[in-house]
Amino acid sequence: MATTNVPGAQRYLPDRRTLGALRDAAAGCHGCELYRDATQTVFGEGPSGAPLMLVGEQPGDQEDRQGHPFVGPAGRLLDRAIHDAGIDPELVYVTNAVKHFKFTRREGKRRIHQKPGRTEVVACRPWLIAEIDAVRPQLVVCLGATAAQSLLGAAFRVSTGRGELLNPPTGAKCRPPVLATVHPSAVLRDRSDRRDEAYLAFVDDLRVAAGAVTGEHRLHGAV
């Protein structure tokens with residue numbers, strides 16, 4: 001899965017930037033090499049005008065097979081956290097920083113997630129920026145480091161900026177603030193006796209996001 005000399009997604013963006021047009025165009029994206037092994041492009045889903053956009057890392061095995069974001073174990077935990085945070089799921093748009101599943105094979109046919117490289121994240125960023133402009137959310141929540149670094153730069157660390165409402169990403173015409181938190185898969189992987197605490201902290205971050213949308217929290221550093 002080499003990623004050298006990748007053209008990037010910009011050339012595949014359609015002139016008409018509605019969600020439907022973007023989704024159709026993304027299905028044929030060859031902006032990096034990940035399309036070669038993935039089953040399909042997994043584009044974002046949710047209503048145009050959703051006040052809250054949640055951005056994950058990339059599709060997982062189930063997402064790649066089914067063609068929908070957050071339908072695997074991490075997605076089920078995210079659904080529960082959204083409910084526990086008091087957020088109406090009908091007002092949420094979900095997507096990923098990278099639209100194709102990157103994986104390695106083990107034990108024959110088993111596909112194991114691989115973190116996308118910086119080259120792949122940068123190549124796919126035009127789709128994410130176009131989604132932000134099409135949806136026009138009031139707030140973007142980055143789930144994990146890959147999503148956060150896609151919008152906030154490679155130097156950003158979730159461990160130091162988690163739960164804060166930060167300046168809008170560069171490149172988008174729409175300028176929503178950004179909040180970074182962990183990816184739900186990080187909570188699933190926590191096998192310690194603090195897993196429940198990790199889940200509640202994740203829910204608390206989503207509550208901050210919900211409060212920002214309803215005006216209950218002042219935007220930290222937003223312009």
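Biologist: How many nonpolar, polar and charged residues does the lining of the second largest pocket have?

Modeller: Sort the residues by class first: Ala, Val, Leu, Ile, Met, Phe, Trp, Tyr, Cys and Pro are nonpolar, Asp, Glu, Lys and Arg are charged, and the others, Gly among them, are polar. In the second largest pocket the lining has 5 nonpolar, 2 polar and 4 charged residues. They are Gln 10, Leu 13, Arg 17, Arg 125, Pro 126, Ile 129, Ala 130, Asp 133, Ala 134, Gly 171 and Lys 173. This is a predicted model: local features need pLDDT of at least 70, side-chain atom pairs count only at pLDDT 80 or more, and totals for chains, interfaces and linings use all residues. Residues are numbered from 1 along each chain as its sequence is written, and side-chain values use heavy atoms, without hydrogens and water.

Biologist: What volume does the second largest pocket have, and how much space lies in the largest pocket?

Modeller: On a 1 Å grid over the protein atoms alone, a pocket is an open set of points with protein on both sides within 12 Å along at least five of seven lines, and lining residues have an atom within 4 Å of a point. The second largest pocket has about 200 Å³; the largest pocket holds about 810 Å³. Gly 60, Ala 74, His 113, Ser 185 and Arg 189 are the closest to the centre of the largest pocket, out of 31 lining residues. By class, that lining divides into 12 nonpolar, 12 polar and 7 charged.

Biologist: Which helices and strand each supply at least two residues of the lining of the largest pocket?

Modeller: Helices (at least four residues) and strands (at least two) are DSSP runs, numbered from the N terminus. Here the contributors are H2 (61-66), H3 (73-84), H5 (145-152) and H7 (184-189), together with strand E4 (110-113).

Biologist: Where does a cavity come in, and which residues lie nearest the centre of the largest cavity?

Modeller: In a cavity a 1.4 Å probe fits but cannot get out. The whole structure has 1 cavity of 30 Å³ or more, and the volume of the largest cavity is about 70 Å³. Cys 29, Gly 31, His 100, Cys 124 and Trp 127 lie nearest its centre, among 13 lining residues. That lining has 8 nonpolar, 4 polar and 1 charged residues. Helix H4 (residues 118-135) gives the most to it, with 3 residues.

Biologist: At what angle do the axes of H3 and H8 cross?

Modeller: Packed helices are described by the angle and the distance between their axes. The axes of H3 and H8 (residues 195-214) come within 9 Å and cross at roughly 60 degrees.

Key. Points joined across faces, edges and corners; volume = space filled by probe spheres on them. Axes fitted to C-alpha atoms, helices over the stretch in contact; angles between N-to-C directions.
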